[in-house]
Amino acid sequence: PSNPDILYVGSGEGLQRPDLSVGDGLYRSEDAGKTWVHLGLRDGQQIPAIAVDPRDPNRLFVAVLGHPYGANTERGLYRSTNGGQSFERVLYRDENTGATEVVFDPNDPNILYASLWSGRQAPWEVNGSFEGPGSGLFKSTDGGTTWRQLSKGLPPNSGRIGFAIAPSDSNRIYAQVDGEKGGTYRSNDAGESWEMVNSEPRVW
């Protein structure tokens with residue numbers, strides 16, 4: 001919003017399925033998409049989400065999921081404060097766990113939420129995916145420097161987590177949780193505690 005000519009694009013589908021496409025990192029345009037510059041994170045292969053500070057287009061967070069079929073270290077959540085000239089990894093668990101989502105609190109850009117997912121595609125088609133420990137939902141209140149996992153009320157063995165913050169009330173967050181005890185969860189206290197509000201598998 002502060003500069004509509006600046007765009008960021010992360011390559012790779014960010015999905016885990018047998019017929020996926022991988023990418024070669026992150027790109028930036030300063031002329032509304034006419035020309036592009038490659039910024040890096042090439043070995044991340046899948047970038048599912050980017051969050052740009054609405055006040056400063058040079059401050060951004062990039063969720064890197066990583067290789068779909070194997071371990072790699074260029075995973076996790078990265079932050080740049082100089083428009084992508086350099087990145088620092090601010091949230092990381094291991095070579096099998098990547099970041100899938102990152103969102104600013106709509107009312108406070110120093111507060112962010114991000115999800116990590118330990119998921120892998122297998123080289124066979126039938127039941128060709130599996131998950132490991134390490135997935136979870138995380139929160140930062142200091143601009144992304146430090147993170148803590150949100151767990152009260154959420155299932156301990158989760159898979160991929162998608163979430164959304166209500167624009168009218170930052171305390172209200174909804175999360176779709178995959179895996180054991182999967183379902184739709186709601187928080188009324190900015191992620192400090194959660195309750196399941198829908199367990200229908202067709203929804204989550």
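A salt bridge is a side-chain nitrogen of Lys or Arg within 4 Å of a carboxyl oxygen of Asp or Glu. In the predicted model described here, the side chains of glutamate 200 and arginine 202 meet in such a bridge, with 3.1 Å from N to O. The two partners fall into separate classes of accessibility. Glutamate 200 is partly exposed, at 27% relative accessibility, while arginine 202 is exposed, at 74%.

The structure holds nine salt bridges. One of them joins lysine 139 to glutamate 192, and the closest N and O atoms of this pair are 3.9 Å apart. Lysine 139 belongs to strand β12 (residues 136–140), whereas glutamate 192 sits in the loop between β16 (183–187) and β17 (195–198); the bridge therefore ties together parts that are 53 residues apart in sequence. Lysine 139 has a relative accessibility of 8% and counts as buried, because buried means under 20%. Glutamate 192, by contrast, is partly exposed, with a relative accessible area of 33%.

A further salt bridge links arginine 186 with glutamate 195, where the closest N and O atoms are 2.9 Å apart. Arginine 186 is partly exposed at 24% relative accessibility, and glutamate 195 is likewise partly exposed at 37%. Salt bridges also connect Asp53, Arg55 and Arg59 in a network.

Leaving aside neighbours within four places in sequence, threonine 81 is in contact with Asn58 and Arg59. Threonine 81 is located in the loop between β6 (76–80) and β7. The C-alpha atoms of threonine 81 and leucine 60 are 6.6 Å apart in space, although the two residues are 21 residues apart in sequence. With a relative accessible area of 55%, threonine 81 is exposed, because exposed means over 50%.

The contacts of leucine 77 were listed without residues up to four places away in sequence. On that basis, leucine 77 touches Phe61, Val62 and Ala63, as well as Glu88, Arg89, Val90 and Leu91; its other contacts are Ala99, Val102, Ala114 and Trp147.

Glycine 25 is another buried residue, with a relative accessible area of 1%. Its place is in the loop between β1 (7–10) and β2. Apart from residues up to four places away in sequence, glycine 25 touches Val9, Gly10, Ser11, His38, Gly40, Leu41, Arg42 and Ile47. Between glycine 25 and serine 199, the separation is 174 residues in sequence and 36 Å in space, from C-alpha to C-alpha.

Empty space was also considered. Rolling a probe the size of a water molecule over the atoms shows where such space is left. The largest pocket contains about 190 Å³ of space. Its lining includes Gln16, Thr100, Glu101, Trp117, Glu131 and Arg160, together with Ile161, Gly162, Gln176, Val177, Asp178 and Trp204. At least two lining residues are supplied by each of β8, β14 (158–165) and β15 (173–179).

Backbone angles complete the description. Most residues other than glycine have a negative phi. Alanine 32 has a positive phi, near 60 degrees. This alanine lies in the loop between β2 (26–29) and β3 (37–40), and it is partly exposed, with a relative accessible area of 47%. Lysine 181 likewise has a positive phi, near 55 degrees. The position of lysine 181 is in the loop between β15 and β16, and at 59% relative accessibility this residue counts as exposed.

Methods:
Residues numbered from 1 in each chain as written. Predicted model: local features only at pLDDT ≥ 70, side-chain atom pairs only at ≥ 80, totals over all residues. Heavy atoms only, no water. Contact = heavy atoms within 4.5 Å. Helix = DSSP H or I, 4+ residues; strand = E, 2+ residues; numbered from the N terminus. Buried < 20%, exposed > 50% of the residue type's maximum accessible area, 1.4 Å probe, protein only. 1 Å grid on protein atoms, 1.4 Å probe; cavity = no way out; pocket = protein on both sides within 12 Å on 5 of 7 lines; lining within 4 Å. Points joined across faces, edges and corners; volume = space filled by probe spheres on them.
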